[in-house]
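Dear colleague,

I am handing over the structure below, and I would be grateful if you could look through it before reading on.

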Amino acid sequence: MNSFWRIFFLELIALIRSKTLALLALVSSVWMVVFPYIVKGDGTYEGARELYIRFSLGGVFSLLVVSLLSSATGSIANERLSKRLDLTLVRPVRFVSIALGKILSHVVIGSFVLALACVILLCNVDFKRQCSHLYSPILPTAQEEAKMMYDVFINSPETPEPVKKAKKSTVLRILEQRARDHYQTIATNSLAVWRFDKALYERAKTLAVKVRFKLTNANDMRDDVKGTLKWGLKEGVFSSITRTFIEVPLSEKNGQDDFDGKLQFKNEGNNAIMLRPRQDIHLMLPADAFGFNLFRSYIVMVSLMALVISFGVFLSSSLSRPVALFSAIVLLLVSEISPSISEQYPDQLETDFADRIGLYITRFSASFTQSISSSSPLEALSRDECVETGDVARVFILDFLVLSSLFALLSAFIMRHKREAIG
């Protein structure tokens, strides 16, 4: 344990002396202060606030990830090249202590700079503003809906022949994607109903409840949107010219409570409305203040940084610094674009061998990095959506503790193997 702390403090002092900490802190602070003056929003306070939270803090987070990843990929490789690693190993130092010490020192630097950015953010926004828990309608999963629709889709005369002849797994993937993006059309003067958990209604009786829609019409144009909502004894009416998010407060009405777990929406506008129930409708229940939400987001971002840094140290233990850095950047980019490619690339074109190989690799990468690429809390934070404690705990345990420790162990194994091979 003493060797671990020695390595940690030596690496931390080296990062401070190299002015890494000072430069990151300076650039991040300037960016947080200057950003509101160089970017224009949509003219509203809400739009400017969302931009500021997402892209000022997001810019600092991206800077830290790239900078610390670059430093981590050289942390062991440079010492091995200059023979300093051999001098370190003359003392009774475990390989895993070297890896963990270097990972933790980089995480501490990143955590400090990110905390500084969060403090500046709190000075520029209302940190007492309330965030909300979001709840979606109770629906079959996209996988379950795909299985239910498989026979109908295959037997439909409108389904192209190449798709009918494709593998069942390919067709199910098409249907699963359609289920996620399935739009429900609500004609004028018609009623739409979605079911929610009854226990949620009991919990919400004394709370200020809102319903949030992301509404569009057939032509995706701005139109006068009108409607009424009913959820048990809670009702709401709204009218807006918009195609973005609409939050409708529900107020308690007198009458007999005949709640059956369903939210009713009547379209009273002049045009049909389109929405995706899985993505575009949520019940919003009040949670805690923005400051607490920012703290939970901070824990998530630090955990993601720890994972990226530990991966950089792992590459540094086996590769030279330039190769390790190039490999890390490429894999980071692949992890970000893989989900988008997997969703948008048409399965019907998988007849080409090269396409199939590319898609298999992309989908494997997307499945492997899904927990990483989908964990950023910035979008939820900017929209005052509660970053749930359970999600924070999952990311912290998986990314900060389990995966970072695993990469440290792999780094130790590789360093030991390389030393024995040289010896």
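In these notes a residue is called buried at under 20% relative accessible area, exposed at over 50%, and partly exposed in between, using a 1.4 Å probe and protein chains only. Please bear in mind that this is a predicted model, in which local features need pLDDT of at least 70 and side-chain atom pairs count only at pLDDT 80 or more, while totals for chains, interfaces and linings use all residues. Residues are numbered from 1 along each chain as its sequence is written, and side-chain values use heavy atoms, with hydrogens and water left out.

The structure holds 12 salt bridges, a salt bridge being a side-chain nitrogen of Lys or Arg within 4 Å of a carboxyl oxygen of Asp or Glu. One of them joins the side chains of Arg-54 and Glu-50, at 3.1 Å from N to O. These two residues both lie in helix H3 (residues 45–72), four residues apart, or about one turn of the helix; helices (H or I, at least four residues) and strands (E, at least two) are DSSP runs, numbered from the N terminus. Arg-54 counts as partly exposed because its relative accessibility is 22%, and Glu-50 is also partly exposed, at 27%.

Another salt bridge connects Arg-129 with Asp-384, whose closest N and O atoms are 2.9 Å apart. This pair links distant parts of the chain, with Arg-129 in the loop between H6 and S1 and Asp-384 in the loop between helix H15 (378–382) and helix H16 (389–422), 255 residues apart. Arg-129 is partly exposed at 22% relative accessibility, whereas Asp-384, with a relative accessible area of 9%, is buried. Both residues belong to a network of salt bridges that also takes in Glu-46 and Arg-49.

Glu-385 forms a salt bridge with Arg-212, the closest N and O atoms being 2.7 Å apart. Here too distant parts of the chain are linked, since Glu-385 is in the loop between H15 and H16 and Arg-212 is in strand S4 (residues 209–214), 173 residues apart. Glu-385 and Arg-212 are both buried.

Lys-128 is found in the loop between helix H6 (95–124) and strand S1 (130–135), and it counts as exposed, at 62% relative accessibility. Leaving aside residues up to four places away in sequence, Lys-128 touches Ala-289 and Phe-290, where contact means heavy atoms within 4.5 Å. The C-alpha atoms of Lys-128 and Phe-292 are separated by 8.9 Å, although the two are 164 residues apart along the chain.
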